[in-house]
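The terms are given with their cut-offs where they come up.

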Amino acid sequence: MSQSAIAAEAQRRRTFAIISHPDAGKTTLTENLLLAGGAIRAAGAVRARGENRRTRSDWMKIERERGISVSASVMTFDHAGLMFNLLDTPGHEDFSEDTYRTLTAADAAVMVLDAAKGIEPQTLKLFEVCRLRDIPIVTFINKMDREAQDPFALLDEIASRLALDPAPLYWPAGSGGRFKGMMDLRAQKFLPYTRGGEHPAALPINSNAIAQYLDPDEQGEVEEGAMLVQEAAKPFDVQSFLEGHMTPVFFGSALRHFGIDQLLGGLAAYAPPPKPVAAERNGQPTHVAPGDPEVSGFVFKVQANMDPNHRDRIAFFRMTSGRFTRGMKLKAQNTGRQMSVNAPIMFFASDRELAEEAFAGDVIGIPNHGVLRVGDSLSETGQLRFAGLPNFAPEILRRVRVKDPLKAKHLRRALEGLAEEGVTQLFRPNLGSDFIVGAVGQLQFEVMADRLINEYQLEAIFEESPYAEARWMGGTAADIEDFDDKHKTAMARDIDDQPVFLGKSSWEIGYVADRYPKLQFLRTRERG
Ligand code: GDP
């Protein structure tokens, strides 16, 4: 295949994730997007499929008990001449660093807000990760069929809390029981909403037929709102969106399949294809373009123990360039190990299939026996290295011990292995012999405990730790050393021997940060 044909295939990819707070409607929206994209026939298929999978196969015990579907990690569908890859960001109890890392593999994100609740804590956290990576964000205000906040207040919240310019492309007529549809601000049309059944076709705003759906008061209200918001909001500017300064805002009801075609249309029109990525080749800085002939990419997630009998793992590999074909040999930059990728998996919404070919933007699952790790760069030559995936400041810190003190060394190796893999983070306090492990979600500890038993025959005890927060340090080596000296009892080293400050509360972190303005107390650290 010619280089321009490879570039054209990459250009067709739209790889995105959905960020939201639990219950905002991510699962419902995912299903309805797949439905609108023609990838599934009936709503409910995503959930049902997960359940079938779980009963059919032997997923990790915790996953079964917790009802976590690993099969839906990536959902690929072909629509309007484009290839969409929807990356699943685990939420709820399975919220973990994988949730954050998945965003490093996305080129855009859909931020789903519950119209009654606006921006919630988890939305904010995930948004911050998107901002860190300059990922453009499309906003979908969901549940308009329920009593909602004033849409102006929602836009204000986006502007003030996220420092993001909201550019509504639609404007809702009412909400809850009085939800009647929305104005298409660009096409100057009205899209009626009806409860149950198909939503009628859009009508020009001067059409008399609108009176069928809106009484004169309602019509006056939506027209006035639409006028006001167009005066007040900056007009949508694609460039500003791509740079992460502006978000186009859509309204709808995922449950009632309203506003979904518009959202999908918006993604098709504005979500970017894969971009060139900064990398190193043999240590020299370079750029990798999606159309470059060499296959390359990075592993952003490893799913372990899919089949406990085989110790199989699936590494999720996000491609950054080239045309991958089944059976190809790829080499990991850090270990130099080469493997033939004979059974790559593509995750189509309706099923999984062997991937015969894939391009930049695509995610393939590579089964392996633990050779591949989170953050690994893979390419045909093995010479390319992409920036390491970030570690995120853990929100839960625990002290780990083993009952048998003779096994402490063994524990250390096990914890290091799991930290290397990105399951949990490991901090060694400068004083004493404790092991402090950190995670952003509770489930990570359960996965860890399970793997310590099954793979390392270690029965670990997790205890409360005196620390609540961890921060990586930024600043000159001398300043950090000085700080280190004065705060010996609160200093630790991470798996890469980087200094970490362990605070007893977020208040304490704020306090030391104020007292040491020359130092930075960082929530993320790029590994590698
Ligand atoms: P997730 O936790 O973000 O994946 O949220 P779900 O998709 O599971 O939705 C949470 C709840 O909100 C479920 O009971 C859904 O049926 C409901 N829900 C989702 N979208 C809508 C909507 O547009 N309107 C209404 N009324 N309910 C919705």
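1. Of the 528 residues of the protein, 46% count as buried; a residue is buried if 20 or more other C-beta atoms lie within 10 Å of its own, exposed if 12 or fewer, and partly exposed in between, with C-beta atoms placed from the backbone. This is a predicted model, in which local features need pLDDT of at least 70 and side-chain atom pairs count only at pLDDT 80 or more, while totals for chains, interfaces and linings use all residues. Residues are numbered from 1 along each chain as its sequence is written.

2. The protein contains 14 helices and 34 strands. Helices (H or I, at least four residues) and strands (E, at least two) are DSSP runs, numbered from the N terminus. Two residues are in contact if their C-beta atoms, placed from the backbone, lie within 7 Å. Taking contacts between residues at least 6 apart in sequence, 71% join residues at least 24 apart.

3. The domain assignment gives domain 1 (17–66 + 86–270), domain 2 (277–387) and domain 3 (391–527); such bounds come from an automatic or database domain assignment. Between domain 2 and domain 3 the C-alpha centres are 29 Å apart. Their contact involves six residues of domain 2 and six residues of domain 3. On the domain 2 side, the touching residues are four nonpolar, one polar and one charged. In this count Ala, Val, Leu, Ile, Met, Phe, Trp, Tyr, Cys and Pro are nonpolar, Asp, Glu, Lys and Arg are charged, and the others, Gly among them, are polar.

4. Which residues are closest to the ligand? They are Gly25, Lys26, Thr27, Thr28 and Leu255, out of 15 residues that surround the ligand; a residue is near a molecule or strand if its C-beta atom, placed from the backbone, lies within 6 Å of it. Helix 2 (residues 26–36) gives the most to this shell, with three residues. Divided by class, the shell has four nonpolar, six polar and five charged residues.

5. Helix 10 (residues 260–270) has Ile260, Gln262, Leu263, Leu264, Gly266 and Leu267 buried. What do the buried residues of helix 10 pack against? The partners are helix 2, strand 1 (13–20), strand 2 (74–79), strand 5 (137–142), strand 7 (170–173) and strand 11 (246–251).

6. The largest nonpolar core has 134 residues, of which Ala109 and Val299 touch the most other members. A nonpolar core is a set of buried Ala, Val, Leu, Ile, Met, Phe, Trp, Tyr and Cys residues joined through C-beta atoms within 7 Å. Strand 4 (residues 108–114) gives the most to this core, with six residues. Neighbours within four places in sequence aside, Val299 is in contact with Ala315, Phe316, Phe317, Leu372, Arg373, Val374, Gly375, Asp376 and Leu378.

7. Strand 28 (residues 435–439) has five of its five residues buried, so it is largely enclosed by the rest of the structure. Phe435, Val437 and Ala439 are buried on one side, and Ile436 and Gly438 on the other. Strand 28 pairs with strand 26 (residues 396–402) in the antiparallel sense over five bridges; two strands pair if DSSP finds at least two bridges between them. Leu397 has Gly438 of strand 28 as its bridge partner. Strand 27 (residues 425–429) is also antiparallel to strand 28, joined by three bridges, and Phe427 stands opposite Ile436. The hairpin of strand 27 and strand 28 has five residues between the strands, and Gly432 in the turn has a positive phi of about 85 degrees.

8. An open sheet of four strands has the order 7-8-9-10, with antiparallel pairing. Strand 7 and strand 10 (203–204) are at the edges with a single partner strand each, so one side of each is left without a neighbour in the sheet. Strand 7 pairs with strand 8 (residues 181–184) over four bridges, and Ala173 has Gly181 as its bridge partner.

9. Two backbone angles deserve a look. Gln188 is not a glycine, yet has a positive phi of about 55 degrees. Gln188 lies in the loop between strand 8 and strand 9 (189–192) and is exposed, with 12 other C-beta atoms within 10 Å. His257, also not a glycine, has a positive phi of about 50 degrees. His257 is in the loop between strand 11 and helix 10 and is partly exposed, with 17 other C-beta atoms within 10 Å.
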